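I opened this notebook to record what I looked up in the structure, one topic per entry. The sequence and the model are shown first.

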Amino acid sequence: MWLLAGVGLAMLVVHLSELSGGRSPARSANSAPAPTALPVPSTTQQRFAALYLQYLTRSYYTPSQGFCRPLLDKICMALVHAKLLAGPSDCRVLPNHGFILAVGQFQLGVGLPVDGKAGPGTVRLLLGGSFNNLRSMNEAFCTAKFPDGGAPDARPAP
C-alpha cells in the first residue's frame, strides 16, 4: 500500500510540474542552450571587483610588468575582432575596465583560468608567439627594432 501511495505521489508531482511549465520546451538540434543568468553581485562583490580592477590597471598592465602600448593595442584589437569589445574606440585608453573584462571573457571562452590578466598563455592564444613569460612576451612585442639591429638606446646620437 505504501508503494502505491509513493508511486501515486510521484505521478502527481510530475503532472503538476508539467502543468506549471517545469519541463523545458523542446529545442531543435541546432538551438543553443539558453544562457544562464549571472547572480546580481552583492555590494561586497562589487567593491572587491572595483579593487581588483584598480590593482590590474595600476600594477599589472605596466611597462615594468612587460606591457607596452603597442602590445596593449594588439591585444585590444584582437579582442575587438573576437567581438569581446565593441570597436577600436574601446582601445583609446589602455588598460581600461572594459579591456580587462574582455580579457576575462576571452579566457573563459577558451578554457583558461579567468583572472583578467593578459599573461603569456592568453596572449599566445590571442596573438600567437612562442614565449612563456612576461619578459619574453615583452621582447616579442615591445622591443623596438632598428634597421641596424640595435636597440633604441644603441642608436648613434644625431
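**Entry 1. Methionine 77**

I began with methionine 77, which counts as partly exposed at 29% relative accessibility. For burial I used relative accessible area with a 1.4 Å probe on protein chains only: buried is under 20%, exposed is over 50%, and partly exposed lies in between. Methionine 77 belongs to helix H3. I took helices as DSSP runs of H or I with at least four residues and strands as runs of E with at least two, numbered from the N terminus. Not counting residues up to four places away in sequence, methionine 77 touches Pro88 and Cys91; contact here means heavy atoms within 4.5 Å. I also noted glycine 87, ten residues from methionine 77 in sequence and 8.0 Å away, C-alpha to C-alpha.

**Entry 2. Basis of the values**

I note that this is a predicted model, in which local features need pLDDT of at least 70 and side-chain atom pairs count only at pLDDT 80 or more, while totals for chains, interfaces and linings use all residues. Residues are numbered from 1 along each chain as its sequence is written, and side-chain values use heavy atoms, with hydrogens and water left out.

**Entry 3. The chain as a whole**

I found six helices and zero strands in the protein chain. From the N terminus on, its elements run α-α-α-α-α-α. The protein chain has 158 residues, of which 25% count as buried. I also looked up contacts between residues at least 6 apart in sequence: 41% of them join residues at least 24 apart.

**Entry 4. Helix H3**

I checked the length of H3: its 13 residues should span 18 Å at 1.5 Å a residue, and its end C-alpha atoms are 18 Å apart, which agrees. The expected span is 1.5 Å times one less than the number of residues. I listed the buried residues of H3 as Leu71, Leu72, Ile75, Cys76, Ala78, Leu79 and Val80. These buried residues pack against H4, H5 and H6. After H3 comes lysine 83, with a positive phi near 60 degrees.

Within H3 I then turned to isoleucine 75, which counts as buried at 0% relative accessibility. Leaving aside neighbours within four places in sequence, isoleucine 75 is in contact with Phe67, Phe99, Ala118, Val123, Leu126 and Leu127.

**Entry 5. The largest nonpolar core**

Which residues touch the most other members of the largest nonpolar core? I recorded Tyr61, Phe67, Leu71, Ile75, Leu79 and Phe99, out of 28 residues. Such a core is a set of buried Ala, Val, Leu, Ile, Met, Phe, Trp, Tyr and Cys residues joined through side-chain atoms within 4.5 Å. At least two residues of this core come from each of H2 (43–60), H3 (69–81), H4 (97–110), H5 (120–127) and H6 (134–141). H3 gives the most, with seven residues.

For tyrosine 61, I left aside neighbours within four places in sequence; its contacts include Phe67, Pro95, Phe99, Val103 and Lys117.

**Entry 6. Aromatic pairs**

I counted rings of Phe, Tyr and Trp (its six-membered ring) as paired if their centres lie within 6.5 Å, with planes under 30 degrees apart as stacked, over 60 as edge-to-face and the rest as tilted. By this rule there are seven aromatic pairs. The rings of tyrosine 60 and phenylalanine 67 have centres 5.3 Å apart and planes at 55 degrees, so this pair is tilted. Both of these residues, tyrosine 60 and phenylalanine 67, are buried. Phenylalanine 131 and phenylalanine 141 form an edge-to-face pair, 5.7 Å centre to centre with 80 degrees between the planes. Phenylalanine 131 lies in the loop between H5 and H6 and phenylalanine 141 in H6, so the pair ties together parts ten residues apart in sequence. Phenylalanine 131 is buried at 6% relative accessible area, and phenylalanine 141 counts as buried at 17%. I also noted a cluster of Tyr60, Tyr61, Phe67 and Phe99, linked by ring pairs.

**Entry 7. Packing of H5 on H6**

I found H5 and H6 packed at an angle of about 30 degrees, with their axes 10 Å apart. Pro120, Val123 and Leu127 of H5 make the contact with Leu134, Met137 and Phe141 of H6. Axes are lines fitted to C-alpha atoms, for helices over the stretch in contact, and angles run from 0 to 180 degrees between N-to-C directions.
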